[in-house]
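Work through each task before reading its solution.

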Amino acid sequence: MVERLAEFVEDGSLDAEFIHVESEHSALSAAMGASLAGVRTFTATSSQGLLYMAEVLTYAAGGRFPIVMINANRSLALPWNIYGDQRDSLSLLDSGWIQAYAENAQEVLDLTLMAFRIAEDTAVRVPFMVNLDGFHLTHTYEVVDVPTKEQIDKILPDYDPGENQIDFENPRSFGFTAGPEWNASFHKAHHEAMLHAWNVIDRAENTFHAVFGRRYSGGVDAYRCDDAEYVLVTLGSVSGLCRQVADSLRESGVKAGVLRLRYLRPFPDEAIRKVLSSAKSVAVLEKDISFGGAGTVFTNVRSIVPAKLNVIGGLGGADISAAQIAGIFESLQAGESGVKWL
Amino acid sequence: MAMSARDLDKREFFFGHKACAGCGGSLAVRIALKVLGERAVSVLPAGCMSAVGFNFPQLAFTNNAFITPFAATASVMTGIEAGLRQRGIDDFQVVGFAGDGGTADIGLQALSGAIDRGDNILYICYDNEAYMNTGIQKSGLTPYGAKTTTTPYKGSRRHKKDMLAIVAANGVDYAASASIGYLEDYIRKIEKAAGITGTKYIHVLAPCPVGWGFKTDETVDIAREAVDVGAWSLREYENGEWKLNREPSRPQDLELYMKRQGRFKIEKQYQEENNYAGE
Amino acid sequence: MPLKSLPNKAPELTAFEGGYLVSPNGGWRSVRPVINMNLCVHCGQCYLYCPDGTISPELCLDYNFCKGCGICAKMCKRGAITMQKEADYA
């Protein structure tokens with residue numbers, strides 16, 4: 001990703017400073033410094049790299065720097081593995097970043113554009129992590145509608161960091177220590193900004209639709225859920241196959257639906273409750289496991305609705321087949337519960 | 001024309017901090033900012049100076065200043081420098097103040113990366129020879145024979161890393177060592193570094209009364225004596241050339257220097273137990 | 001340096017006016033430096049070497065922030081600065 005950006009900078013199509021760093025920790029640190037200097041910043045990472053910069057994630061979030069970062073979801077060591085799963089970003093759900101999960105390459109691009117607008121909104125000012133499935137989305141080809149600069153200008157205003165930037169007229173201290181008497185108020189403000197992001201996401205998606213004609217649906221993307229008895233909740237690139245399976249089950253009379261989570265933070269609790277309130281039975285399929293507990297997405301979803309079945313699949317890049325997905329719906333119909341491994 | 005004490009900016013840019021009385025590190029930061037002035041942007045990782053200077057709402061830096069992750073001093077400086085330049089601002093100096101642990105141990109990789117890129121930054125290591133902020137744990141710059149809270153075997157049995165040689169080997173544009181005991185030399189080096197475009201590294205010895213075991217009024221005296229007896233040297237590295245700025249005036253008094261400090265008492269014991277004849 | 005009042009509430013971001021001082025350090029002192037102007041030759045060494053910057057170039061002492069470390073007295077070659085018991089000034 002940064003290799004292509006280097007080409008854009010070299011050929012002059014991107015007016016940016018390109019900083020080559022020696023590590024992910026330094027990548028996000030440099031991005032944070034640049035954001036503090038008052039410019040728009042972007043970086044990208046994956047897997048262990050994301051974990052290596054984990055310390056800086058909370059600095060960037062707590063410092064409220066609207067950095068946009070793409071994370072290619074890939075497995076974590078050990079055993080070492082270079083293929084996709086979502087353990088990297090899901091293990092860092094609490095780092096204070098907005099976390100969105102794309103289904104396809106077009107959505108990665110669209111989310112990234114909207115991410116700047118959402119993160120930089122003065123009522124939000126929270127860094128934004130766009131997640132995409134490693135290999136399934138990063139190492140495959142897909143036709144993508146690339147926007148023009150004029151289109152981008154319509155959805156992305158000039159960056160105004162406000163008071164969160166170096167100012168030689170009014171010098172400030174940034175990222176200071178705050179003791180017990182002050183500490184919580186900073187975190188509360190951060191939390192409230194995250195919740196407020198829903199309004200901003202909604203506005204950004206409306207503007208995006210007006211400019212590009214593509215409609216996104218906020219925290220969740222519900223498919224045939226209105227009258228669904230059995231709903232499979234999932235995220236990322238596997239969602240398309242899940243919808244296909246739901247379609248064929250519908251043909252055989254099973255009222256199946258698929259709920260794709262687009263955002264994990266802020267957590268779309270209201271949208272989930274609304275969509276799943278009438279479902280008879282809910283399963284969560286995720287490429288992640290919180291060892292000794294359950295899948296992290298499942299734990300979150302179950303805090304809203306009584307989801308029963310948690311299916312762990314796709315770890316380390318394992319394929320998830322249509323038959324396996326159909327099997328999840330069968331398990332739901334059979335009333336199975338708990339954590340089940342594909 | 002070199003700057004003297006009288007030419008320093010009269011304003012204080014690091015004032016009201018909660019450093020211990022007689023803190024050498026705070027003197028190093030205070031003087032550097034008086035040389036660099038209001039266009040300096042200070043970058044401080046976890047360490048003594050960030051802990052004492054940034055306790056909201058008591059904020060002791062009067063210029064722009066930012067706390068960074070422990071290992072990220074140099075890389076945050078890189079980002080700030082690039083960002084300000086991208087905004088079309090060019091009259092500023094990004095200056096980092098990291099301790100010995102933040103420099104020679106955890107921050108070494110990021111510093112190496114910044115030197116590798118040749119970023120236009122001034123990195124100042126205030127060296128109090130252990131992790132003083134967290135309770136006097138050994139760092140890579142703790143000297144031979146000094147007692148710390150994490151050297152159970154009669155104090156540190158290793159010599160200090162030679163940071164100047166390390167940054168020189170990485171290809172730094174300018175490096176110098178200094179001591180808060182000789183401020184005119186330190187001031188001259190900061191001023192010189194500020195005039196050089198490229199990666200600059202200044203390593204200033206900054207004694208710590210608490211961690212070294214001496215009275216609060218002796219800080220400057222001990223910093224001066226360290227140079228006089230040869231326990232610390234004032235050097236410069238530029239254009240591939242090394243220069244010693246000051247010959248030790250009384251190298252025979254090294255033992256006196258050590259005797260003044262509680263942290264070396266353990267070394268005396270060690271020598272006696274091992275019938276050590278000395279060098 | 002005059003003190004400022006505590007902010008009514010925390011700012012939303014970790015960004016705040018630099019040089020904002022709400023609490024003095026003078027209470028740390030057990031001894032305080034006193035300059036005998038008859039002996040002082042205005043060499044400025046006390047101003048230069050004070051870690052807290054509490055001696056101005058004009059040799060005004062800021063007792064709100066002086067911690068009483070005694071470096072100034074040690075640096076004074078003329079013996080113009082003496083450290084006196086804080087209790088005597090209570």
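**Exercise 1.** In this predicted model, find how many residue pairs are in polar contact across the interface of chain B and chain C, and describe the side that chain B contributes.

Solution. Step 1: the interface of chain B and chain C holds 21 residue pairs in polar contact, counting pairs with both residues at pLDDT 80 or more.

Step 1: look at the elements of chain B on this side. Those that supply at least two residues each are helix H1 (24-36), E3, helix H7 (183-194) and helix H9 (219-228). H1(B) has the largest share, with five residues.

Step 2: sort the residues of this side by class. There are 19 nonpolar, nine polar and 11 charged residues.

**Exercise 2.** State the extent of the contact between chain B and chain C, and identify its salt bridge.

Solution. Step 1: chain B brings 39 residues into contact with 36 residues of chain C. About 2900 Å² is buried between these two chains, and carbon and sulfur atoms give 58% of that area.

Step 1: the count of salt bridges here is one. Lys10(B) and Glu58(C) form a salt bridge in which the closest N and O atoms are 3.6 Å apart. A salt bridge requires such atoms within 4 Å, so this pair qualifies.

**Exercise 3.** Describe the contact between chain B and chain A in the same terms.

Solution. Step 1: each of the two chains, B and A, gives 38 residues to the contact. The buried area is about 3100 Å², with 62% from carbon and sulfur atoms. Phe56(B), Asn64(B) and Phe66(B) supply 21% of the area that chain B buries against chain A, more than any other three residues.

Step 1: two salt bridges are counted between chain B and chain A. One of them joins the side chains of Arg85(B) and Glu17(A), at 2.9 Å from N to O.

Step 2: among the elements of chain B that give two or more residues to this side are strand E4 (65-68) and helix H3 (73-86). H3(B) gives the most, with 10 residues.

**Exercise 4.** Which strands of chain A pair with strands of chain B?

Solution. Step 1: strand E5 (residues 172-174) of chain A pairs with E4(B) in the parallel sense over two bridges. Ser173(A) stands opposite Ala65(B) there.

Step 1: E6(A) and E2(B) also run parallel, joined by two bridges. Thr177(A) has Asn55(B) as its bridge partner in E2(B).

Conventions
Residues numbered from 1 in each chain as written. Chains lettered and ligands numbered in written order. Predicted model: local features only at pLDDT ≥ 70, side-chain atom pairs only at ≥ 80, totals over all residues. Heavy atoms only, no water. Contact = heavy atoms within 4.5 Å. Buried area = accessible area lost by both parts, 1.4 Å probe. Helix = DSSP H or I, 4+ residues; strand = E, 2+ residues; numbered from the N terminus. Pairing = 2+ DSSP bridges. Polar contact = N/O pair within 3.5 Å; in protein donor to acceptor, adjacent residues only side chain to side chain. Nonpolar A, V, L, I, M, F, W, Y, C, P; charged D, E, K, R; others polar.
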